[in-house]
Amino acid sequence: MHLPCISRNKADRRQIRAAALLLAPSLTGVAVFYLVPFAEVIRRSFTDAPGRRFVGLANYQAVLTNSAFHTAVSNTARFLCVCIPALLALSLCMALLTRAAGRRGRLFQTSFLLPLAIPVASIVLLWNVLFSQTGLVNTALQALGANPVDFMGTGAAFWVLIATYLWKNSGYDMVLWAAGLDRIPSAQYEAAAVDGANAWQTFRWITWPGLQPTLRLTVLLSLINSFKVFREAYLVAGQYPHESMYLLQHLFNNWFLALELGRITAAAVLVVGVLLTAAGLFLGGKRLL
């Protein structure tokens with residue numbers, strides 16, 4: 001009577017052991033290269049710079065009362081609030097347009113990925129050619145009778161950074177949206193056409209609900225990629241760019257060069273905690289919906 005249950009339990013245990021063996025190398029790598037180092041970062045955030053003397057919450061207090069940290073957090077939050085929604089909307093429109101273009105859209109879809117293949121040094125050269133005092137943009141402005149703009153020395157630097165992020169990452173997100181569009185059954189579109197649904201109704205009731213899993217992935221990857229824009233800004237403007245684009249990455253870099261290890265570890269713990277909380281709320285809210 002109990003033999004089938006016993007055999008199923010044995011089979012389940014074998015599958016669990018097999019899965020554990022297959023996952024062991026990856027889990028070991030994650031533990032060694034991510035979890036253990038971050039545990040050390042948390043420990044160092046409560047110690048002095050050499051990591052020997054316990055100082056309690058002194059590092060966190062120093063970070064939270066630091067004016068440079070306030071500026072970096074404000075600019076980073078502003079950057080994320082502007083560029084993430086803009087990138088999602090732009091890349092989704094690109095994916096829908098290339099899909100509507102059919103085979104001809106495949107060529108455009110490939111060309112939109114070219115910015116990802118351009119080295120950072122070439123992007124910096126492009127920045128200088130376009131936005132320097134004697135660059136192409138200022139030359140065009142002067143030809144139109146307008147005054148030249150100091151793009152790197154005024155608040156315009158922030159919008160140059162936004163434009164660079166959108167230009168470089170829109171093609172990548174477009175591919176993610178296109179993959180999500182391919183997962184939606186074509187039979188739903190055919191049924192909507194038979195029922196007389198227009199383009200907006202089709203998007204509202206078929207396309208957008210079908211893209212919700214892709215939306216979660218795209219938001220998380222876009223957020224990760226947004227922290228990589230520091231390279232271009234650093235190579236163009238150095239350690240201390242214009243205040244409008246002084247991001248957390250600049251602050252961490254400067255503290256690291258000054259060996260402010262207590263502050264940088266405390267700030268890293270705060271930033272990771274905020275990001276993990278935001279990601280958890282976002283993913284949890286989507287499940288509830």
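1. Another case is Arg 204, whose charged end sits over the ring of Trp 205, 4.4 Å from its centre.

2. Please keep in mind that this is a predicted model, in which local features need pLDDT of at least 70 and side-chain atom pairs count only at pLDDT 80 or more, while totals for chains, interfaces and linings use all residues. Residues are numbered from 1 along each chain as its sequence is written, and side-chain values use heavy atoms, with hydrogens and water left out.

3. Searching the whole structure gives 7 aromatic pairs. Phe 158 and Trp 159 make an edge-to-face pair, at 5.1 Å centre to centre and 85° between the planes. For pairing, ring centres of Phe, Tyr and Trp (its six-membered ring) lie within 6.5 Å; planes under 30 degrees apart are stacked, over 60 edge-to-face, and the rest tilted. Ring pairs also join Phe 79, Phe 158, Trp 159 and Tyr 165 into a cluster.

4. Within that pair, Phe 158 is buried at 0% relative accessibility, whereas Trp 159 is partly exposed at 47%. The cut-offs are under 20% relative accessible area for buried, over 50% for exposed, and partly exposed in between (1.4 Å probe, protein chains only).

5. The largest nonpolar core holds 33 residues, and Phe 79, Leu 161, Tyr 165 and Trp 177 have the most contacts inside it. Such a core is a set of buried Ala, Val, Leu, Ile, Met, Phe, Trp, Tyr and Cys residues joined through side-chain atoms within 4.5 Å. Helices H3 (67-100), H6 (120-131), H8 (156-182) and H11 (212-226) each supply at least two residues of this core; H8 gives the most, with 10 residues. Helices are DSSP runs (H or I, at least four residues), numbered from the N terminus.

6. Trp 177 deserves a look of its own. Leaving aside neighbours within four places in sequence, its contacts (heavy atoms within 4.5 Å) include Leu 88, Leu 92, Trp 208, Leu 211 and Leu 215.

7. After H13 comes Leu 259, with a positive phi near 60°.

Key: Lys NZ or Arg CZ within 6 Å of the ring centre and 35° of its normal.
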